[in-house]
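Subject: Handing over the structure

Dear colleague,

I am passing this structure on to you, and my notes follow below it. Please read them with the structure open beside you.

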Amino acid sequence: MGENTGTSAADIRLAKVRDITRRHLEKGDSLIQILHAVQNSYGYLPLEVQKIVSEETRTPLATVSGVVSFYSFFSTEPNGKHNIRICLGTACYVRGGVRIADFMEDLLKCKAGHTTADGMFKFEIARCIGACGLAPAVSIDDKVYPNVSTEDLPGIIASYYKEEEEQG
Amino acid sequence: MAKYMRRLESVSDLEQVKQDFLEETSNYSYTVIVCGGTGCISSHCGEVMTALKKQYVTRGLREEARIIESGCLGLCALGPTVLVQPGNIFYVNMTPEKIVQIVDKHLVGGVVQTQYTYFDEASGEHIPCMDDIPFFKDQIKIALRNCGSIDYDSIEEYIAHDGYQGFVKAVTELGREGTFEELKKSGLRGRGGAGFPTGVKWESGFRQPGEQKYIVCNADEGDPGAYMDRSILEGDPHSVIEALMIGGYTIGANKGYVYVRAEYPIAVERLQNAIEVARGFGLLGKNILGTGFDFDLEIRIGAGAFVCGEETALLNSIEGKRGEPRQKPPFPFQSGLFGCPTIINNVETLANVPVILTKGAEWYASYGVGRSKGTKVFALAGDIKHSGIIEVPMGIHMRDIIYTIGGGIKNNKEFKAVQSGGPSGGCLTKDHLDVSVDYESLSAIGAIMGSGGLIVMDENTCMVDTARYFMDFVQDESCGHCVSCRIGTKRMLEILQKIVSGHGEPDDLENLKILADVIKDTAMCGLGQTAPNPILTTLRYFRDEYEAHVVDKKCPAHVCKDMLTYEIDPDVCKRCSLCSRNCPANAISGGKTEPYHIDQDKCVRCGTCISHCKFGAIHIR
Amino acid sequence: MVELTINGIKVQAPEDATIMQAADSVGIRIPRLCKYKDIHNIGACRICVVEVEGARNLQASCVVKVRDGMVVHTNTERVRMARRIIYDLIISDHPKDCMGCFRNQNCELQKLGYDLGVDEYRIQGERREKHVDISPSITRDTSKCILCRRCVTACRDIQKVGAIGTQNRGFQSVVSPSMGLPLDTTDCSMCGQCTVVCPTGALSETFHVNRVWKALADPSRRVVVQTAPAVRAALGEPFGYPCGTPVTGKMAAALKAMGFDDVFDTDWGADLTIMEEGTELLHRLTAAVSGKEAVLPMITSCSPGWIKHIEHAWPDDLGHLSTCKSPHTMQGAMIKSYYAEKLGMDPKDLFVVSVMPCTAKKYEIQRPVMGNNGIPDVDAVLTTRELARMIRTAGIDFCNMPEAEFDAPMGLSTGAADIFGVTGGVMEAALRTVHVLVTGRPIPFDNLHVTPIVGFEQIKEAEIKFENVLPEFAAFEGVTVKVAVTSGLAGSDILLKDVHEGKSPYHFIEVMGCPGGCIAGGGQPRTEVENFRELRAKALYSEDEGKTMRMSHENPAIQQLYKEYLGEPCGERSHHLLHTTYTPRGFFNERLNDPE
Ligand SMILES: Cc1cc2nc3c(=O)[nH]c(=O)nc-3n(C[C@H](O)[C@H](O)[C@H](O)COP(=O)(O)O)c2cc1C
Ligand code: SF4
Ligand code: SF4
Ligand code: SF4
Ligand code: SF4
Ligand code: SF4
Ligand code: SF4
Ligand code: SF4
Ligand code: SF4
Ligand code: FES
Ligand code: FES
Ligand code: FES
């Protein structure tokens, strides 16, 4: 049904989504695992991607997006190049996480839950990233920054821009 | 990773692995354990490990010392941490430079580098040996027996520590009924929150008829501020695998799932590796150790929803659905995963099982008090000096946890409250410091043991704001299925927001109480049923703080911004202008002749000025 | 059986009964909101909580099962308090503008407040955003939704369409198509089953009431109304008649009193449909028995909900559909051609209103193929529910009206047409006529009812063997025709899977979009009666059996139509006016190819 056979870059990415879905279906994986795999590959789960998953898994589209919209890990918007998560779990909250989050909003000029205008960072609030002993904690991609203070933040952010420049 | 895979065909093959390992390691004079827990990874233990390995090669210590990476050693606040055996010398705050010196002077030179070991503030001295450190002294490690002492990646080392012997004992000696009877005798209760006796649960799984049954490990660990289960998965994944095998055998399931939250990538990776190695060793798969028992495991990863820790929501999530809880009854043991009988246990519960079988129910039951047997793992966090992971016998007093193990309150502030049990739990006060930490005593005062998060709060914490924080959390995590919780938590949050913003009315406290009671009484799942607990306990123990907010429109702890007024005392002000130069809102004006003054309409109550005034001229009112 | 005590009364109940069922059986009425009949019990609203001795929390009686020795209290202070607060919570997120709401006096949420004795709004707070989505058939107002999810069960679990589902979580939860898309961009079939189960004003048909009033008020237009068979079996219910009372005469009288110029019966169109569809079937069968290419099985096309569904779900199999338009559009086409000619009027000056049990027909009439020279066959579709409201607005005392007859010529019909409104009826009507055409004898079933396809099973089948055929149908001698009948879109998918794979053993399949057929259509009155399908079906069978002519080809008005205007069934003019084409669609309303 409506198989995408085009050859543009977008078509190729979507064809890959179909492929991944089929492979995971064969393994007997659940919808959530399929969505994880697809999001890993495609980056996020926009409507056209959900449509393919829906078609391949024979699950109604509204059911697929019901699952996507239930879980906070699934995103229907593109992520930034780097994913910042500021912990507001209890330990971090008690240790001043809100100040970090407020400061970050000002620094990035971007509200929590959104991606910066230049697409560099997606900035989210997390509920405990498991570094409670080192609260307040911030994670960027897979790296955890312990005991963060507002003074540290400009430097941390700048380091990502610097890295970006170095890579050209 | 196992150096070589060998398929174990029998129980004696397992014994052989143990002998081989012990023989192989008996030649080393030192074992260096580098903590590879998430806490220490974030304080860059990787660099320490690299430096250590390099120096070790340079100094030619291959025959002398064994280097391993372990799970969390417990004192994450002082990471990266390193333990050197023999002697249990505990080095803290390691850096690549320091570790080089430790190699040169301790491993080669034989001299303990006391200056890098744990520093005890009370005595003003370093305490090199782990066993003498107050943080560790009163702990009893059962669930954490291998965490931080073995290489999480070595199945041989796990086996050498009597690993997989619990399974052997269940299958060859106890039998299915004997196994759950032994657990019943041990008094082990579920560590996931509800405290249901594990042996009884397994017995009902055993008795439930069904062709296909499942056993599931709940590693969703959603309570913010808690990371006990993660520490176990990262530090001792085989104990969980072994326990699931024992559980599968007991109830008659040959398939298990571990549901891990997506926020724990390292735990997932280590568990996945452990499963593969166990499979390679023939400890998972068909005809395990020649016993005729088949069992295999799969990992399922969550996707960011706290409610999926609730067992029936978790089942829906494994099935790939929205993580909404199911109506109970039927209970999962009757109709669980894909409609089949299913037993669900928490990670820590499971980690206790193998050692209970090898050492016996009596041994386990000798720890603890009353109907709360054994130990409990806690994640100690918040305004406490030694935050980290601890394991203590049930019945220990809260005071000992906070002051002896935890070292007291950070920055020498006053203790105000401790929150146990996460968003479902309650806040306890100074008056409760001598409470015995066990299921019954905690619930008698409105708190719960919960899964083991202990958040310590100092005098600068506002309890109304804390209640608001927890309500914000649960309302954000409510699945939305039932009215009580979907709308009820929202309304409670709104009332609390109104109070902390200075618009509280006297009726609000009464309304909060009514809502809390009805939500507790009518919500469909545990999330909603326990959501009001933080409010109920703070209302009970900190009512004066609520009243201060509502009646006097004051936040005694100076936390609720909307109720604060920053003022400059003109008599103290030296007119140095530092405050006005740093005020982000340009709210401060003044000059050499004119005293400095804060325009309350412009002030955003950020507190910057206070921290810049060297003369203490600025006050909060 | 177990024994329990409810409010001090000993109650016997089956083991798998819920507390609510047990209470119902002894006349204790526990309030309820999210539960719907036996098909939807998810324990979401918590209004039905009761006290069970020994249980820590209150228990939701619609989902918790009885136990032997259980002691239940349904009316304690604790229970009343909890229900009050829960109701307050529900309406704290609700617009509460009953007087401006079409469900006023007919709303389960409103009635619940009345039952609970609510006398003030005590809880206030932020409300969810109001979002109104108007598709050709269905209107959604999310602000009135109480998230009972009955509609999701109807759409996803019963119809197996799943156009709507619960999105987001917690307070942000909303029942909606994927990512908040408008319903008419999705694969919604427009069947309206969701609107029947909705307890509040969150889901309704898209109203045509105003455009009908406007046409009635316009002196330059002749307003012609036609009513579908199933309407007469249910229209009495909103006026207090017991479920299953046929009100044909009252309905005709009310329509006349409202000022419609011609009051016709879609039964006439149904008879016409049988002539066309029966002939089409014979053509396809003749081709097949003589070894020529023929697309079989042929599938009925009179249910527009079904049509939209097959276009989305089985776009490659549209060739199996009969090309016949549905009865009311056939009739509309005849009103605007044949009847207009008779009247000597420009078809533009005619305004045709169909009163239907159906929401999908609102969508159907705006398909471009449902018209002639840019003039639609039908101008407005009223559901049974809308007609009831209009009768009320017009101030007509429905129950006390003297009965009236339909107008000629399109008011005359046979019994075969009446049963169009119930699953199996189209098939039975077709077989009655086809058998006579082929053999010259009536179909060999008791009272002309093809019993194997009567009833409410999901899939029904029958076989008819042609024996001693008329000479012109010699090729049919000894041929057995296999037929299948299903109602509800879930059943259609089961049959279509075989059709798609070329494995279907049938020659002719009847599909009705709604479970039970049009008597349970998406535009029918909402009812609490559990066996409402059986009762309404009985009403139609009694209409059928009460008529002297019970086979469509006997209808003299239809015979006259062919003589005067159409010539022969499936002839040139029929083809032009009474037959149609279909559009393959994928996800959303996107057309796969072959635009209309
Ligand atoms: C809202 C909610 C969240 C929960 N989260 C967890 C969790 O993260 N981990 C866990 O083991 N149990 C959690 N539980 C408890 C489980 O439902 C279940 O009781 C437990 O996994 C059973 O295992 P146990 O008997 O070994 O404790 C949660 C319960 C509720 C109501
Ligand atoms: S109590 Fe909350 S989380 Fe539990 S089912 Fe109800 S809405 Fe969902
Ligand atoms: S609290 Fe912040 S905004 Fe207010 S005066 Fe001080 S620095 Fe300025
Ligand atoms: S910083 Fe302190 S002393 Fe200096 S101007 Fe401000 S209030 Fe006065
Ligand atoms: S849906 Fe019901 S309660 Fe809501 S406004 Fe309409 S009539 Fe009133
Ligand atoms: S019910 Fe009350 S509010 Fe409604 S119209 Fe009557 S008097 Fe007015
Ligand atoms: S009209 Fe039918 S298909 Fe469309 S949403 Fe409602 S139930 Fe589903
Ligand atoms: S739209 Fe109606 S049926 Fe659907 S969930 Fe909302 S209130 Fe219930
Ligand atoms: S079965 Fe009847 S009411 Fe339902 S969609 Fe078809 S024609 Fe409409
Ligand atoms: S609360 Fe922030 S890392 Fe746990
Ligand atoms: S992670 Fe290293 S001590 Fe906890
Ligand atoms: S009717 Fe029982 S929970 Fe809604």
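Two strands are said to pair if DSSP finds at least two bridges between them, and the strands themselves, like the helices, are DSSP runs numbered from the N terminus, with at least two residues (E) for a strand and at least four (H or I) for a helix. In chain C, strand β1 (residues 2-6) is joined by five bridges to strand β2 (residues 9-13), and the two run antiparallel; the bridge partner of V2(C) in β2(C) is A13(C).

Before going further, please note that this is a predicted model, in which local features need pLDDT of at least 70 and side-chain atom pairs count only at pLDDT 80 or more, while totals for chains, interfaces and linings use all residues. Residues are numbered from 1 along each chain as its sequence is written, chains are lettered from A and ligands numbered from 1 in the order in which they are written, and side-chain values use heavy atoms, with hydrogens and water left out.

To stay with chain C, β1(C) and β2(C) form a hairpin with two residues between them, and N7(C) in the turn has a positive phi of about 50°. β1(C) also pairs with strand β5 (residues 71-73) of chain C, in the parallel sense and over two bridges, with I6(C) standing opposite V72(C). Because four of the five residues of β1(C) are buried, this strand is largely enclosed by the rest of the structure; buried means under 20% relative accessible area, exposed over 50%, and partly exposed in between, with a 1.4 Å probe and protein chains only.

Further along chain C, helix α4 (residues 150-158) has as its buried residues R150(C), C151(C), V152(C), T153(C), A154(C) and C155(C). These pack against several elements of chain C, including α3 (108-116) and β10 (203-205), where contact means heavy atoms within 4.5 Å. K160(C), which follows α4(C), has a positive phi, near 55°.

Chain A has seven helices and five strands, and its C-alpha trace spans about 55 × 40 × 25 Å along its principal axes. Of its 168 residues, 53% count as buried.

Chain B is divided into five stretches, namely domain 1 (22-132), domain 2 (158-364), domain 3 (368-458), domain 4 (463-552) and domain 5 (565-620), with bounds that come from an automatic or database domain assignment. The centres of domain 3 and domain 5 of chain B, taken over C-alpha atoms, are separated by 40 Å.

I68(B) and M49(B) are 19 residues apart in sequence and, C-alpha to C-alpha, 9.2 Å apart in space. S42(B), in helix α2 (residues 38-42) of chain B, also counts as buried, at 2% relative accessibility, and, leaving aside its neighbours within four places in sequence, S42(B) is in contact with L134(A), V144(A) and P146(A).

Finally, there are 13 residues around ligand 3, of which C583(B), C603(B), V604(B), C606(B) and C609(B) come nearest; a residue is near a molecule or strand if one of its heavy atoms lies within 4 Å of it.

With best wishes
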